[in-house]
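Here is a short briefing on one protein chain.

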Amino acid sequence: MAMISGLSGRKSSSGSPTSPLNADKLETPDDASQVFLEAVAEEKPHVKPYFSKTILDIEVVEGSAARFDCKIEGHPDPEVVWFKDEHSIKESRHFQIDYDEDGNCSLTIADVSGDDDAKYTCKAVNCAGEATCAAELIVETMASEGGEEEEEEEEE
């Protein structure tokens, strides 16, 4: 009964207890929870991004896939940008970028070629600062001399 009287005490001047306007008001505990969660999130101190796991150098054979993995911490959640030799990478069929809510971040490079042999950098930025880590992708290409002959011998 106290709950009902509490609701009627908050009731505005219009509408009956069963009107849609008041039905919306009955959902205020969810709204209040959301506001509370947002307030708690706002109270969490801002933390500059940092890498709890950094990317490592990778050596792959031309034609295979390569994947750089890292884990990023920070609050608010950092924005992530990947670079290949100082040029930002746009996601495509060739470059796949994944970043989950736990801070796990990866760059997958499909069908690696000699052109992909480069320095790759992951940069994480939020309002508290930024952090970067970098690694080399070394692509082993088939040698034009001898390499093709060896491949043909293996197929026979």
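Helices (H or I, at least four residues) and strands (E, at least two) are DSSP runs, numbered from the N terminus. On that basis, the protein chain reads α-α-α-β-β-β-β-β-β-β-β-β-α along the sequence. That comes to 4 helices and 9 strands. This is a predicted model: local features need pLDDT of at least 70, side-chain atom pairs count only at pLDDT 80 or more, and totals for chains, interfaces and linings use all residues. Residues are numbered from 1 along each chain as its sequence is written, and side-chain values use heavy atoms, with hydrogens and water left out.

**Sheet**
- An open sheet is formed by 5 strands in the order β2-β9-β8-β4-β5, with mixed pairing.
- Two strands pair if DSSP finds at least two bridges between them.
- At the edges lie β2 (58–61) and β5 (87–88), each of which pairs on one side only.
- Strand β4 (residues 79–84) runs antiparallel to strand β8 (residues 118–126), with 6 bridges in the pairing.
- V81 has K123 in β8 as its bridge partner.

**Nonpolar core**
- A nonpolar core is a set of buried Ala, Val, Leu, Ile, Met, Phe, Trp, Tyr and Cys residues joined through side-chain atoms within 4.5 Å.
- Buried means under 20% relative accessible area, exposed over 50%, and partly exposed in between (1.4 Å probe, protein chains only).
- The largest nonpolar core has 24 residues, of which F68, W82, I109, Y120 and L137 touch the most other members.
- Two or more residues each come from β2, β3 (66–75), β7 (104–109), β8 and β9 (129–140).
- β9 gives the largest share, 5 residues.

**F68 and its aromatic partner**
- Contact means heavy atoms within 4.5 Å.
- Not counting residues up to four places away in sequence, F68 touches residues including I55, W82, C105, Y120 and L137.
- Rings of Phe, Tyr and Trp (its six-membered ring) pair if their centres lie within 6.5 Å; planes under 30 degrees apart count as stacked, over 60 as edge-to-face and the rest as tilted.
- The count by this rule is 1 aromatic pair.
- F68 and Y120 form a tilted pair, at 5.3 Å centre to centre and 35 degrees between the planes.
- F68 lies in strand β3 and Y120 in strand β8, so the pair ties together parts 52 residues apart in sequence.
- Both F68 and Y120 are buried.

**Whole chain**
- Buried residues make up 23% of the 156 residues.
- Among contacts with a separation of 6 or more, 59% join residues 24 or more positions apart.
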